[in-house]
Amino acid sequence: MASALIVLALPFGAFLLLALVPPLRRRGTVAGWLSILAMAGAFAAALSTWLGDARGSVVVPWLPGDGGPMATVGLLVDGLSAPMLVLVTLVSLLVQIYSLAYLHDEPAPSLGRYYVYQSLFAFSMLGLVLSPTYLQMFVFWELVGLCSYLLIGFWYTRPAAARAAVKAFWTTKLGDLGFIAGIVMLWSATGTFEFDALFRMAKDQTLPVDGLATIMFLIYLGAVGKSAQFPLHVWLPDAMEGPTPVSALIHAATMVTAGVFLVARSEPLFVLVPGVLALIATVGALTALLAATMACVESDIKRVLAYSTVSQLGYMMAAAGAGASEAGFFHLLTHGVFKALLFLGAGAVIHAVGTNDIFRMGGLWRVMPQTGLVFIVGTLALAGVWPLAGFFSKEEVLAGVWAGGRPGVFVVLAVTALLTAFYMFRVVFITFFGHGHPHGEAHPHDPPWLMRGPLWLLAILTVAIGLRFALGGAGEHHPPVWLTALSLALAGTGIALAWAMYKARWLPVEVVQRPLAPIEFLARRRYFLDAIYGAIYRGALLGFSRLVGFVDRYLVDGLLNVASAWSLRAGDVLRRIQTGQAQDYVYGVAFGVLVLLAWAQWWRMP
Amino acid sequence: MPGLFAYLVVAALLFVIGVFGVLTRRNAVGILLGIELMLNAVNINLVAFARLHGDPVGLLFAMFTIAITVAEVAVGLAIVIVIFRVRRTIDADRLDLLRG
């Protein structure tokens with residue numbers, strides 16, 4: 001427990017120090033090293049937590065209430081949070097080291113700001129992972145969302161980045177509304193936020209809740225937003241406007257997996273509502289397939305990776321929905337490692353070439369062989385090639401979905417596996433082996449060691465995890481042989497297809513494109529989702545604004561304008577009776593006296 | 001001796017003549033004279049009623065009014081003279097500084 005507390009305290013300490021001591025923050029590199037040091041300590045502590053056998057939870061009262069605390073906070077270390085801690089701290093640490101080189105052109109105060117955000121993010125994510133209650137999880141969940149917003153909009157002077165940050169914030173907030181509503185409903189039914197108590201009730205079938213399906217659906221909505229599931233996935237590709245290391249850390253390896261983590265964490269509750277589970281699996285599979293098709297036509301290297309992240313998140317969700325949440329969680333962990341590797345590799349390429357467009361790269365293998373090698377390692381892992389990490393987790397996901405009795409989802413995921421291999425190798429062949437396009441003024445070369453170190457470490461980890469499972473067997477789960485063969489065949493087909501189309505070029509792209517033209521048309525336009533959301537946003541917001549504008553302009557202002565116009569006109573009329581001549585006034589007085597006289601004489605007669 | 005009614009008729013006529021003068025005269029001095037007539041109509045009324053009731057307070061009031069009228073005419077004429085000095089006219093039609 002103490003080590004878990006250290007994991008949480010170190011990044012927070014770094015954040016406080018950097019945020020509250022401006023001289024430290026303004027000296028960018030110093031701030032960076034301080035944050036990295038804290039992160040390294042947190043990583044060590046996380047490792048010892050994981051390897052140690054201290055499992056369990058500590059909670060202390062937080063919000064006082066009648067008859068015991070209304071809400072509690074604490075730490076929960078178990079089989080789910082311990083490996084997650086290691087992943088988060090490891091990727092955070094490597095990304096922070098990498099960023100030091102990647103952002104070396106950044107002015108010092110700006111770099112310091114970056115590390116403030118990074119430390120806050122690490123703290124928030126670790127807090128989320130260690131949460132023993134839904135309420136605490138929600139608090140950190142929102143903090144993580146805030147950090148995501150800040151880091152996507154890190155280059156806030158670029159309009160695209162600012163827009164993307166706002167979009168990410170809004171879209172995820174949409175899901176979070178469901179999340180908080182679900183938590184509160186759960187609390188009002190059971191009176192507790194704590195996982196332990198809730199899961200115990202769920203196990204004993206004594207959960208005093210009506211409409212658990214609604215509650216769990218609402219909680220799942222939070223995961224939909226955060227983990228970029230269809231139809232709220234639109235923010236993730238745009239989030240690539242942030243610096244590449246941020247994309248690697250937050251929008252690939254850690255934060256976006258929070259949704260999967262939430263579903264895995266809440267599994268004892270989700271299994272009580274099969275309908276919601278079926279929805280999770282279906283939406284996950286749909287997300288995986290749609291994102292994969294969009295990745296196939298994307299030409300921005302980071303966006304390809306973003307779509308592939310969405311697709312893999314769909315995988316994890318589908319596994320969780322099919323009742324194999326540990327398979328999904330396993331895929332989460334391995335994916336975190338090799339997707340961080342891919343993003344950091346892409347960052348190195350972008351750093352060297354100065355563009356995101358894969359068609360303006362090409363032939364990079366000759367000039368940056370080390371980057372190319374680690375990128376290919378990551379690509380093979382993502383494609384699911386034996387014996388790399390991705391192969392085992394993906395196979396386990398497929399096996400879990402098959403065992404969960406969802407053949408439809410299984411088929412979709414299998415097709416997605418083929419597409420995954422295809423689009424990743426499309427990027428590899430175009431970027432690293434395509435014809436050497438002129439690179440302009442830039443002379444691409446392998447990045448400095450500060451960037452290369454994390455890349456190599458992640459690549460070695462990807463291979464090592466894979467080898468560990470290849471040699472030690474894939475745990476107690478033994479997927480059927482036909483599944484292994486199938487997944488290898490799918491990966492092989494995808495790679496071969498990419499090779500034939502983009503490397504050997506004896507299969508012209510047009511030949512494949514023509515029969516798939518409708519899909520390509522839709523995928524290139526992102527299935528019109530952005531357009532639809534834009535239309536809804538414009539329609540709803542602008543329509544409402546117009547209504548408000550009408551009320552303000554014609555009712556509120558109109559009333560005042562009428563009043564003022566009539567005052568003016570009345571004043572204009574009344575002005576004319578003031579002639580300024582004393583005798584006219586006397587006429588008035590005399591007339592008034594006459595009226596009074598007449599009144600006194602006749603009208604008041606009883 | 002004529003009755004009260006005759007006095008009142010005279011006073012009323014005098015008052016109306018004064019009002020007419022105030023309303024129709026364009027000369028500021030003429031207006032002042034009209035005011036004078038109105039005040040004296042009131043004096044006749046006061047005296048007539050004092051006589052009717054045998055109460056000398058009414059006479060006293062008439063004396064008061066005469067004294068105040070003197071002061072009023074003095075101030076009024078002074079104002080007219082000042083206006084003449086400033087505006088070179090005492091035509092009431094052209095004294096419309098308060099026009100809205």
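Setting values against definitions in a predicted two-chain model

Colleague: What radius of gyration does chain B have, and what would a compact globule of 100 residues have?

Modeller: Chain B has 17 Å, whereas a compact globule of 100 residues would come near 13 Å; the radius is taken over C-alpha atoms, and the rule is 2.2 Å times the number of residues to the power 0.38. The C-alpha trace of chain B spans about 50 × 25 × 25 Å along its principal axes. For chain A, with 606 residues, the rule gives a value near 25 Å, but the model has 31 Å, and the trace of chain A spans about 125 × 70 × 55 Å.

The model is predicted: local features are held to a pLDDT of at least 70 and side-chain atom pairs to 80 or more, while totals for chains, interfaces and linings use all residues. Residues are numbered from 1 along each chain as its sequence is written, with chains lettered from A and ligands numbered from 1 in the order of writing.

Colleague: How many helices and strands does chain A come to?

Modeller: Chain A comes to 26 helices and 2 strands, where helices are DSSP runs of H or I of at least four residues and strands are E runs of at least two, numbered from the N terminus. Chain B has 3 helices and 0 strands, and its pattern along the sequence reads α-α-α.

Colleague: What classes do R88(B) and T484(A) fall into?

Modeller: R88(B), in the segment after helix 3 (57-87) of chain B, has 8 C-beta neighbours inside 10 Å and so counts as exposed; its phi, near 60°, is positive in a residue other than glycine. T484(A), in helix 22 (residues 481-503) of chain A, has 18 such neighbours and so counts as partly exposed. Leaving out residues up to four places away in sequence, T484(A) touches E395(A) and P479(A), a contact being two C-beta atoms, placed from the backbone, within 7 Å. For the chains overall, buried residues make up 50% of chain A and 12% of chain B.

Colleague: Why can helix 19 of chain A be described as enclosed?

Modeller: Of its 15 residues, 14 are buried, so helix 19 is largely enclosed by the rest of the structure. Helix 19 (residues 389-403) reaches 21 Å from its first C-alpha to its last, close to the 21 Å expected, the expectation being 1.5 Å times one less than the number of residues. G405(A), with a positive phi near 75°, follows helix 19.

Colleague: What span should helix 21 of chain A have, and which helices do its buried residues pack against?

Modeller: Its 24 residues (449-472) should span 34 Å, and the end C-alpha atoms are 33 Å apart, which agrees. The buried residues, among them L458(A) and F469(A), pack against helix 4 (81-102), helix 16 (325-353), helix 18 (369-383) and helix 19 of chain A. L458(A) is also one of the residues that A340(A) touches, as are V91(A) and A248(A), not counting residues up to four places away in sequence.

Colleague: Which residues of the largest nonpolar core touch the most other members?

Modeller: Of its 200 residues, these are A318(A), A340(A), V401(A) and L413(A), and the largest share, 17 residues, comes from helix 20 (residues 407-433) of chain A. Such a core is a set of buried Ala, Val, Leu, Ile, Met, Phe, Trp, Tyr and Cys residues joined through C-beta atoms within 7 Å.

Methods
A residue is buried if 20 or more other C-beta atoms lie within 10 Å of its own, exposed if 12 or fewer, and partly exposed in between; C-beta atoms are placed from the backbone.
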